[in-house]
Amino acid sequence: MLIGELARRSGVSARMLRHYEALGLVRPRGRTGSGYREYGADDVRRVFHVESLRSLGLSLREVGRALDDPDFAPARLVEELARRTRERIAAETELLTRLDRLRAAGPADWDDVLRGAALLRALGAWNPDDRQRAALAAEGGPVPAEALADAVLREPDPYVAGALRWALARTDGSALAPLARGLDSPAAEVRERAARSLAALPADADADADTGVTALLRRALGHADAEVRDHAALALGARGHTEAVPALVAMVVAGRHDVDAADALSRLAGEGGGVGDRVVGLLAEGLEPGGAGAAARRRIAQALADIPGDAATRLLLALTRDEDRGVAVSATYGAGRRGE
């Protein structure tokens, strides 16, 4: 068959077939008496093989090696193609995300587009100083809250993360969705970053709403990760939510952020409504036989010193007779501050 027939059967243009021939990918069996290229059925199959390999992303040079090198390893080639494809998809996905965020920011002119693109790129810079400057410059700028939330969830540098949380707290609150996903991340460090960022967001106007920052903090209060629970409890306690009391008491007993937890308990107990007695009751449970060790009892004594009410005073006086001298001294000091 002539090149026109080969083109018709294979669906590849005659011009491309001549290019394949120049590269050695297709070789006519000979020429007719008139000098025209002549091809056979094997050439049709060869063209199909070339096109199939090209469809997988191989260059024409790689196609030639795959077809002609007897030692060529197809499995290794397929793995390399898969790697390239994943990288390309990741790059395209990142670009699409960046474009969506620029669109969501509602740029008014090209200056807004260029500034937003520069800030989004800088948030992913390798240098922490560049990322921190971008975070500080993002306040009130063309960078949506979701972009800041994603950045803080992947940020390992504590100073940059602090700047990102500062900028995030000044957004419109649309960062809750990525932070909620971060709380359920399989990576502990991402969960901790999500909890810290959530705790740094301003309180809702309606504290009893089923959605918003407070609702998400309440959900985090029952999280399996103690670090997530602790950040949620401290944030809720600082905002006057008494459902955080059991978690805060557990933090004092366990020695996790115990000073901050004791401060939060003191503030909650000072609001009245029987909260102080409830706090004392839970702290007393930590003193039961077989419960807290000497270090935990010392922390409990220190926390009781700032809890108002007679119940706290009685428990402190009991601890002044503790068998551990450190516990007794802490309780005596706390009781003395209360005038006992």
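**View A. The buried residues of helix H8.** Ala 145, Ala 147, Leu 148, Ala 149, Ala 151, Val 152 and Leu 153 are the buried residues of H8 (buried means under 20% relative accessible area with a 1.4 Å probe, protein chains only; helices are DSSP runs of H or I with at least four residues, numbered from the N terminus). Because seven of the 10 residues of H8 are buried, this helix is largely enclosed by the rest of the structure. This is a predicted model, in which local features need pLDDT of at least 70, side-chain atom pairs count only at pLDDT 80 or more, and totals for chains, interfaces and linings use all residues. Residues are numbered from 1 along each chain as its sequence is written, and side-chain values use heavy atoms, leaving out hydrogens and water.

**View B. The largest nonpolar core.** Here, Leu 168, Leu 248 and Leu 304 touch the most other members of a 70-residue core (a set of buried Ala, Val, Leu, Ile, Met, Phe, Trp, Tyr and Cys residues joined through side-chain atoms within 4.5 Å). Helix H8 (residues 145-154) gives the most to this core, with seven residues. Now look at Leu 248: not counting residues up to four places away in sequence, its contacts (heavy atoms within 4.5 Å) include Ala 233, Leu 234 and Gly 237.

**View C. A second, separate core.** This core has 16 residues, among them Leu 6, Val 12, Val 26 and Val 44.

**View D. Residues where H3 meets H4.** From H3 (residues 41-55) come Arg 46, His 49, Val 50, Leu 53 and Arg 54, which meet Leu 60, Val 63, Ala 66, Leu 67 and Asp 68 in H4.

Terms used
Axes fitted to C-alpha atoms, helices over the stretch in contact; angles between N-to-C directions. Helix = DSSP H or I, 4+ residues; strand = E, 2+ residues; numbered from the N terminus. Buried < 20%, exposed > 50% of the residue type's maximum accessible area, 1.4 Å probe, protein only.
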